[in-house]
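Welcome! Keep the view open while you read.

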Amino acid sequence: QLLLMPSDSFKLVNWLRSNSYLPDLSKDASGEFAHCVALREAYMNLQSSLGMLGNIIASSEVFCFQRWFLVLKTRVLETVIDLVEHLGLLNQDVRNKKQVEEKILTGCNSLQQLPRIAIQLQKLAKEFDMLAMYFIDIDDSSSSIIATLSLSCSVFAFAAGSVLFLPGFSFHETLAPFTSQSGVCSRLVQDLVLRLWKVDPEICEKLNILVKENESLNCFHLQPRNQVLGVCGKVKVLLSICSDALSCIYGLQNQTNSTPEEDIVSLITKSCRILLSQGIMKWMQIPFGIPKYFFSIRPCVGAELFALSSDSSKSTPNTIVVEQGFQLSLDLCLQLKNIQQRRAPVRITKLYCLLYSKLAYHTSTQQSETNRNQKYCYSPWRDEDLVEMSNKLFNHAVKSGKKHSGVSAVVQLEPNERGQGFSSCLLDVSRFPVGSYQIKWLSCCIDQHGSYWNLLPLNGKPVFTVKKAS
């Protein structure tokens, strides 16, 4: 019921209240617990829908969008539940000195978790971006819904990460290695500004003030045309949450300067709890809707990559071999698939392909043979390298078409009337030890309107073998 209602007027919060799941969050801690239970119920419904899709016997290409969309919605709910559970820790009754100490400790522990949640939400925002960029025939209304979902994740990432902008508080222990607190702040702001710079320039100016000038992002032109947001009621609600977060940050920056040190943690935890509790309530009342494209059941546009060693004397049609200490030279053919089945005419003007390998992609010869004989099934929501590879490919495609040598390479291919593109590349695997390794790949295209699209990989990863030099 939560999932399959496509009407824009359907609201999650009304369903929850009608089923006696949703009390008023602002009343007490028990209300927050009940709210978390309601979110878990919605989470279980999404999991059930995913299970039903998984039981359908059909090509993975047919239901790729549906499964990917449900997985991301499930991850969002999972993260919001995590956030709500930590919000319940931020408000405790204090009656004696021992409880004061316990409250400060609890508040500190809860605050330490917020940067982790913020980073996870920002990652989800980028994954929603990926979803919209992989389906070249997606309609404008569906693209708008996904862009709004992506914005909601970015806004909540910024709100949850508001504690990172407060002077005197260090979160280095909770951040990933080689990640700076100022770097996370900069990325949170930059991600929001990239989404909002055409929607609300005033908020963008206020956001940019939070980061140093030399860290501000200067590449607005890199935003794909098919992801630009429009102003609507849903976006306005998200803008109000963003404004609340800005007010909270600036208010706390001013208050902490005049607040006794022993009261600062209490002040911050209370402010964060109010900000995020109210934000979640607003978020739950937004009728995001289900993309129209969700109900489009047909194979998705994608590509198959065929790679052969340029040195035919040392390889066969089924094997790619390179001697240890040498670079790997490959001849490539990229074949578009399912493009003729589209209702709307699509003309591809440019094709690009990224190839990437590393020592961690080591595979056994037996496993390579098994994978070659099995039907390939790509699940983009399980690919940990997807966002990074997509960013590399996108930045290359909009800047230049030059070839790059190295463990990764990007090539430009000229599509012919059959949807094929041919090229060659050089991978610097000279430092790889003896063994077999997979080559991850990702392709993209530019259509006749100048819009950028990624293409789903519809066949497996090429495997090359490094042998001792003779």
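Asparagine 338 sits in the loop between strand 3 (328-337) and strand 4 (348-356). Helices (H or I, at least four residues) and strands (E, at least two) are DSSP runs, numbered from the N terminus. The phi angle of asparagine 338 is near 65°, a positive value in a residue other than glycine. Most residues other than glycine have a negative phi. Asparagine 338 counts as buried because its relative accessibility is 13%; buried means under 20% relative accessible area, exposed over 50%, and partly exposed in between, using a 1.4 Å probe and protein chains only.

Before going further, note that this is a predicted model, in which local features need pLDDT of at least 70, side-chain atom pairs count only at pLDDT 80 or more, and totals for chains, interfaces and linings use all residues. Residues are numbered from 1 along each chain as its sequence is written, and side-chain values use heavy atoms, with hydrogens and water left out.

Next, let us turn to charged pairs. Side chains of opposite charge can pair when their charged atoms come close. Here a salt bridge is a side-chain nitrogen of Lys or Arg within 4 Å of a carboxyl oxygen of Asp or Glu, and a search of the whole structure finds 12 of them. The table shows some of these.

| Salt bridge | N to O distance |
|---|---|
| Arginine 195 and aspartate 191 | 3.1 Å |
| Lysine 440 and aspartate 383 | 2.8 Å |
| Lysine 440 and aspartate 385 | 2.9 Å |

Why does the pairing of lysine 440 with aspartate 383 tie together parts that are 57 residues apart in sequence? Lysine 440 lies in strand 9 (residues 440-447), while aspartate 383 is in the loop between helix 10 (365-373) and helix 11 (386-399). Aspartate 385 belongs to the loop between helix 10 and helix 11 as well, so its pairing with lysine 440 links parts 55 residues apart in sequence. Aspartate 385 is buried, with a relative accessible area of 13%, and lysine 440 counts as buried at 14% relative accessibility.

Salt bridges that share partners also join Lys126, Asp129, Asp191 and Arg195 into one network. Within it, arginine 195 and aspartate 191 are 4 residues apart in helix 6 (residues 181-196), so about one helical turn separates them. Both arginine 195 and aspartate 191 are buried.

Now for a sheet. Strands of a sheet pair through backbone hydrogen bonds, either parallel or antiparallel. Strand 2 runs parallel to strand 11 (residues 463-467), and 4 bridges join them. Isoleucine 320 stands opposite phenylalanine 464 in strand 11.

Finally, look at two helices. Helix 7 (residues 201-209) and helix 8 (residues 233-255) pack at an angle of about 35°, with their axes 11 Å apart. Axes are lines fitted to C-alpha atoms, for helices over the stretch in contact, and angles run from 0 to 180 degrees between N-to-C directions. Ile203, Lys206, Leu207 and Ile209 in helix 7 meet Leu239, Cys242, Ser243, Leu246 and Tyr250 in helix 8, where contact means heavy atoms within 4.5 Å.

Terms used:
Two strands pair if DSSP finds at least two bridges between them.
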